[in-house]
Amino acid sequence: MPKYTLVITEKPDAAARIAAALDVDGKPSRVLDHGVPFYEAKRDKELVIVPALGHLYTVAGEKNGRGEYPVFEYKWVPLYMAERGAKRTRVWLETITKLAKNADAFVDACDYDVEGSIIGYTILKYACGGKQTEAKRMKYSTLTREELEESYANVLPSLDFSLIEAGLARHEVDWLYGVNLSRALTQAAKKRSGRYTTLSTGRVQGPTLKFLAMRERSIRSFVPTPYWTVSAKIRLGDSLFEIPFERKVIETRDEANAIVEACKSRKGKVSAVEAKTFLVPPPPPFDLGSLQSEAYRLFRFTPMRTSSIAQRLYLDALISYPRTSSQKLPPTIGYKTILQQLAKTYEHGKSACELLAKPDLKPKEGKGFDPAHPAIYPTGNLPQRALDSAERNIWNLVVKRFMAAFADDAAQKAVKAIVDINGKRFLLEGKETLEEGWLRFYKPYARLMDAPMPRLVEGQEIDVKKVLVRDEFTKPPSRYNPSSLLKKMQKENLGTKATRAGIIQTLYDRKYIAEASITVTDLGFEVVNVLQKHCPTVLSSMLTAKLEEGMNEIQDNKATREKVLGEAIEILKPVTAKLKENEDVIGKQLSRALGKSRLEERTVGDCPSCKTGKLLIIRSKKTGKRFVGCTNYFQSTCKTAFPLPQQGVVKPLQTKCMSCGYPTVLVWHRGKRSWKLCLNPACPLKTRGKSN
Amino acid sequence: MTCKVCGREAEADGFCVFHERAYENIQRSFAAWKKGLNIPWKDYLREIKQNSLTGDWAKEVAEHLIRKEETEDDKTS
């Protein structure tokens, strides 16, 4: 085979798209080498396009001591050597190494961001025999044919080494913090309890958990205070309106009652009317964070889910690169062409045609800027396969947000009137939309609320039906949800757009937090307490911000990777020493929380027979079989027990059966649909099934 | 010294870090309840214990304080 250019992509889907775009006939041949696909294409010369599987290399300790800490010596190794579940990547690397031997030129075509650059760099350096210095770089934001061709034609002469150095430093710093702190917690708990449970924390995970714990503490320690509100029910035309007293909070019941008394059987009079018209600009185009927030608001998708759907749509060339911080849409993306394509669809055709009829297409942009990519926008390509409902929701959302950016501002009128009832002032507020503008393009996702009210004039007499007092209490602070937590992380500069959603998921996986409206578990509290007591530095968002600054300096060539890493290690050394010194105390604290957490995992619910015991999933020491038994069995006061399926996974649902009120569990077998099991063998739902 | 409510290590006032803050909040909020409803300390504790907006730790501390008050009342009578 003649010499060829080896093009390395980040994922197999991207390789297929790039190969199809770069082949002169659009029909590259797909070859499988031990299950690893690569593509042979013809252009100016022979091309071989081979995909990675995301990261194929990772940071690992220099020595192979699992669980030992502190560790400050590390190296980059193939992923399969460091992670148990990554065996598949071995053949992948072997194929790339084999293909590299016959290549005379190299192109890194991984996603143009920090992670993509590291994926390409490590493969070129370690699997291709040090070709990182001679490799060229493709830069693109969509996987459309036109952009890929242009990117290949104008390939960058070299890799972005300052970006890579900063990225490598980030991975190394995160590894140093993650490994040392997580091992310290895990080992302390294991030494005390004798059982292994992975406990993790890290440079970003720790401060994020601390925010959550602080909020949880405020909620759990909250004491409400009473206050009162007064409102009047008035008649305007045929409608009744309830209007609040001018002071929103009245501190004593006596004062509230006095206001009501003063207004009793009195007529009201409009003492002032103020109308104001104002413009509401469209929301800026999506960056990843705002897409994740909006998808959570509208569809309740977690940030992680939105991120992976957006990635799929990107790989299908339906939207641009989603991991962006930009809220800008440069003209080079070709507004008109995109809208012309969207005009062909039934769903967006009318809106797209309306925008195309405008004399000038100029998007309203946000402040967010990303040097590598524009905001997320639809490429104009139409789906070539049936999108599932979640994918369609995200695609429609991106399309509508994109179109809204080109539409006019909405115009609204706000009216505020003061109704005087015997010297007590009440406020009547209304709002109506005069011009829909962008709202029409962003339907049904726009949320400007109208509250129309009839025309009022000063001096107009008002019929007062009733004046009411309401007992109220101050509310505790609201809980974070995955979307608001993501925003908080963004505000505090914790993590990157690519890592935040994953970190939130890790907190759930470790059982530090639970539920969609986030609650911190006892285990989560204990981890924060331990770190706060023995090494508060690692929970400080200041430290993370300092390290982020260091990494930015590497990217701007103002600092070296060695310097930033040296500083990180100097911070970490006393921390690990302190953790080691207090291993016993820490282990005691964590073991207690772990024990409680394990018990909660096995608790099915309250015992329906004795009413005082708890039902637990127990494994019999004698038979090895599992069943559900009451905790009062050990006091010989209750012998309630229920059988459980012996195959598959059983998980308490913490819900009661709709029919008989007994606790329920979820049972699932690998590859099969899970099912809900009521523990009551005589449950009417089961007997009904049998009689039928 | 252990926390009067949960048995953890106590910090100040005989409460752990969690219940200490709840105790402070209970003390601080009494002024607003007294001003608004003119109720005595004991009634206040019962009110907040029953209120669905009161946090779990604050409820536990309120319950502890109610029990303590009752024990003291028994002693004096």
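How many residue pairs are in polar contact across the interface of chain A and chain B? The rule finds 12, with both residues of each pair at pLDDT 80 or more. A polar contact is a pair of N or O atoms within 3.5 Å; within protein, one must be able to donate a hydrogen and the other to accept it, and residues adjacent in sequence count only if both atoms are side-chain atoms.

Some ground rules. This is a predicted model: local features need pLDDT of at least 70, side-chain atom pairs count only at pLDDT 80 or more, and totals for chains, interfaces and linings use all residues. Residues are numbered from 1 along each chain as its sequence is written, chains are lettered from A and ligands numbered from 1 in the order in which they are written, and side-chain values use heavy atoms, without hydrogens and water.

Let's stay at the interface. Chain A brings 23 residues to the contact, and chain B brings 23 residues. Contact here means heavy atoms within 4.5 Å. The area buried between the two chains is about 2000 Å², and carbon and sulfur atoms give 58% of that. Buried area is the accessible area (1.4 Å probe) that two parts lose on being put together, summed over both. On chain A's side, R217(A), R220(A) and V223(A) supply 28% of the area that chain A buries against chain B, more than any other three residues.

Now charges. Side chains of opposite charge can pair when their charged atoms come close. Our rule for a salt bridge is a side-chain nitrogen of Lys or Arg within 4 Å of a carboxyl oxygen of Asp or Glu. Three salt bridges cross the interface of chain A and chain B. K35(B) and E251(A) meet in a salt bridge, at 2.6 Å from N to O. Which elements of chain A each supply at least two residues of the side that touches chain B? They are α7 (205-220), β9 (226-236) and α16 (522-534). Helices (H or I, at least four residues) and strands (E, at least two) are DSSP runs, numbered from the N terminus.

Over all chains, the structure holds 50 salt bridges. Take D33(A) and K98(A), at 3.0 Å from N to O. D33(A) sits in strand β2 (residues 29-33) of chain A and K98(A) in helix α3 (residues 89-101) of chain A, so the pair ties together parts that are 65 residues apart in sequence. Is D33(A) buried or exposed? D33(A) is buried, with a relative accessible area of 14%. K98(A) is partly exposed, at 47%. The cut-offs: buried is under 20% relative accessible area, exposed is over 50%, and partly exposed is in between (1.4 Å probe, protein chains only).

Another pair is K488(A) with E492(A), closest N and O atoms 3.2 Å apart. K488(A) counts as buried at 19%, while E492(A) is partly exposed at 25%. There is also a network: salt bridges link E216(A), R220(A), R479(A), D522(A) and K596(A).

Last stop, a sheet. Strands β21, β22 and β23 of chain A form an open, antiparallel sheet, in that order. β21 (649-656) and β23 (675-678) of chain A stand at the edges with a single partner strand each, so one side of each has no neighbour in the sheet. β21(A) pairs with β22 (residues 663-668) of chain A over five bridges. Two strands pair if DSSP finds at least two bridges between them. V650(A) has V667(A) in β22(A) as its bridge partner.
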